[in-house]
Amino acid sequence: LWSLPATELAKLLEKREISSVELVRAHLDRIDAADGRVRAFTAVFRESALAEAERADEARSKGQARGPLFGLPVSVKECFDIEGAPTTIGVPAKRSHRATSDAAIVKLLRNAGAIVLGRTNVSQFMLFVESRNPIYGQTNNPHSHEHSPGGSSGGEAAAIAAGMSPLGVGTDIGGSIRVPAHFSGIAGLKPTLDRLPMRGCATALPGQEAVRAQLGPMARTVADLELFFAGLDIDEASRLDPRVPPLPWQPVREELAKGLRVGVYTNDGLVKSSASVARAVEKAAGILEKAGCTIV
């Protein structure tokens, strides 16, 4: 079960071919087997996750399941507040802090029936392309323990790539979702700023408004990213954080691409791309052009 994408797991839960308890246990067992070497998690909420899974199974048996995330285990980056737990972003001076409530995105996930397995490692202050800090140490790439999974959402990427979580939440300003997704071989998305609520997310610079981070989903497949959006109540997201517009998620359809103008470059004039990155960008541009986009 720990190797399947979130979309398949959601279907199995919906058909009641597996239980949420079975699914959560499978991922907890995988954490026990793999995280000693990978060190992706800063905390695992074993008891509460199993208790939530039992409640989800009971609700499903009564026909009370709501949405595609119901009963599905998820993980979140350590920067998101969990009530009663410290939010350190890798800074020792913050270990005495205890959050008074869950972050808005955690509330959204729980209200959608998702089960939070635990929180994952970050670079200190979330300010460099690594996942290492003096509190939780170094997270390793599950494909090669001698290499990095990237950062700052590298713990999240490593957890998903290693099969310890099927779906997670990271944050991104200048690549903190995209770099670890690339390094770890998973899918990740930085949405438009304020598409999802950032209340209850720690930052290195409180009050910073010039360049703000945006949370986004991380998963094993692109379809799993779409599942994440489909499972969230965007009206509730807007109530939790007034910066979020109550615009419903539009399913991804190829016809939406027709008529879009897409800017493409492989060299910014300062740092030359590697051949593999340039090749990937050019391949993506070709796919978009075939779908009806105008490539500029």
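**Exercise 1.** Decide whether Phe-70 is buried or exposed in this predicted model.

*Solution.* Start with the number: the relative accessible area of Phe-70 is 4%. The cut-off for buried is under 20%. So Phe-70 counts as buried.

**Exercise 2.** Find where Phe-70 sits along the chain and which residues it touches.

*Solution.* First, look between helix H3 (46–61) and strand S2 (73–77): Phe-70 is in the loop there. Next, leave out residues up to four places away in sequence; Phe-70 then touches Leu-13, Ala-56, Ala-59, Arg-60, Gln-64, Ala-65, Ala-112 and Gly-113.

**Exercise 3.** Work out how helix H1 (residues 6–14) and helix H7 (residues 222–231) pack.

*Solution.* Two packed helices are described by the angle between their axes and the distance between the axes. Here the angle is about 55 degrees and the axes are 8 Å apart. That makes H1 oblique to H7. Now for the residues: Ala-6, Thr-7 and Ala-10 in H1 meet Ala-223, Asp-224 and Leu-227 in H7. Sort the residues of this contact and you get four nonpolar, one polar and one charged.

**Exercise 4.** Pick out the residues that touch the most other members of the largest nonpolar core.

*Solution.* This core has 43 residues, and the ones to pick are Leu-69, Leu-72, Phe-80, Ile-105, Leu-109 and Phe-228. Among the elements giving two or more residues to it are H1, S2 and H7. Zoom in on Ile-105: leaving out residues up to four places away in sequence, Ile-105 touches Phe-80, Val-169, Pro-197, Leu-215, Phe-228 and Leu-232. There's also a second, separate core of 20 residues, including Val-38 and Ala-53.

Methods
Residues numbered from 1 in each chain as written. Predicted model: local features only at pLDDT ≥ 70, side-chain atom pairs only at ≥ 80, totals over all residues. Heavy atoms only, no water. Helix = DSSP H or I, 4+ residues; strand = E, 2+ residues; numbered from the N terminus. Buried < 20%, exposed > 50% of the residue type's maximum accessible area, 1.4 Å probe, protein only. Contact = heavy atoms within 4.5 Å. Axes fitted to C-alpha atoms, helices over the stretch in contact; angles between N-to-C directions. Parallel < 35°, antiparallel > 145°, perpendicular 65-115°, else oblique. Nonpolar A, V, L, I, M, F, W, Y, C, P; charged D, E, K, R; others polar. Core = buried A, V, L, I, M, F, W, Y, C linked by side-chain atoms within 4.5 Å.
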